[in-house]
Amino acid sequence: SQPQYLIFGPVKVVAMPSPEPPAIDRDAVSRWVREHGRFVRGYLLGLVRRPDVADDLLQEVFRRAWQARDRYQEQGHERAWLLRIADNLVCDRARRQGKEQTVDEETWRQLEPAGRSPQPEERLVREESQVELRQALDQLTELQQRVLLLRYYGEMDFGQIAQVVGCPLSTALSHARRGLLALRKLMAENAS
């Protein structure tokens, strides 16, 4: 049988070698990518802060979802299931690699060759806002970050978030509230 491919955005996911799946399986996974890929990538990007790593992890999320498609029980929680896979991948990656080190712009220019075209001004303005948000997120606890990213990038309700992070509902609500209050305070301090 010919290999199957799933395509989402600029990233191509190579299907796993397996017997020819029924058309319904291909349709389900394609629908997952279409309907949930953007949210899963947003969650991953919020955690790892590197588009290349987020794209690699996104491919792995859908690869694992493809492999586990027979075990998935359709209960209307596809996004929660995919985000749980994503969350587990990020946690596994962090355990394997330890804390990532961030380098300043000058060091990065020395390590990485310059691009062929200059960055547009509007992209720089957007990136400044994203940097401020990332810096504020970095000051939150890991669980506060995960809960807020699942809520806003994953568009999940708090019951689903509690399941993904493995805590009681009241704890997820508490982390979201404290995280939002801390973010507001940090962003206000940065604005002044």
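A salt bridge here is a side-chain nitrogen of Lys or Arg within 4 Å of a carboxyl oxygen of Asp or Glu. With that in hand, welcome to some close-ups of this predicted model.

**View 1. Arg 63 and Glu 60 pair up within helix 2.** The closest N and O atoms of this salt bridge are 2.5 Å apart. Both residues belong to helix 2, where three residues, about one turn of the helix, separate them. An α-helix has 3.6 residues a turn, so residues three or four places apart point the same way. Glu 60 is buried, with a relative accessible area of 18%, while Arg 63, at 24%, is partly exposed.

View 2. Arg 95 is exposed, with a relative accessible area of 63%; Asp 92 is partly exposed, at 27%.

**View 3. Further salt bridges join Arg 50 to Asp 52 and link Arg 31, Glu 35 and Glu 78 in a network.** For Arg 50 and Asp 52, the closest N and O atoms lie 2.7 Å apart. Arg 50 is partly exposed at 35% relative accessible area, and Asp 52 is partly exposed at 41%. The count for the model comes to 10 salt bridges.

**View 4. Ile 85 is a buried residue of helix 3.** Its relative accessibility is 13%, and because buried means under 20%, Ile 85 counts as buried. Beyond its neighbours within four places in sequence, Ile 85 is in contact with Val 61, Arg 64 and Ala 65. Leu 57 is 28 residues away from Ile 85 in sequence, yet their C-alpha atoms are 9.8 Å apart in space.

**View 5. Trp 81 sits in the largest nonpolar core.** This core has 43 residues, and those touching the most other members include Trp 32, Val 61 and Trp 81. Helix 1, helix 2 and helix 8 are among the helices that each supply at least two residues of this core. Leaving aside neighbours within four places in sequence, Trp 81 is in contact with Trp 32, Ala 65, Ala 68 and Tyr 72.

**View 6. Helix 8 carries both buried residues and the exposed Arg 177.** Among its buried residues are Ala 172, His 175 and Leu 183, whereas Arg 177 has a relative accessible area of 56%.

How values were computed: Residues numbered from 1 in each chain as written. Predicted model: local features only at pLDDT ≥ 70, side-chain atom pairs only at ≥ 80, totals over all residues. Heavy atoms only, no water. Helix = DSSP H or I, 4+ residues; strand = E, 2+ residues; numbered from the N terminus. Buried < 20%, exposed > 50% of the residue type's maximum accessible area, 1.4 Å probe, protein only. Contact = heavy atoms within 4.5 Å. Core = buried A, V, L, I, M, F, W, Y, C linked by side-chain atoms within 4.5 Å.
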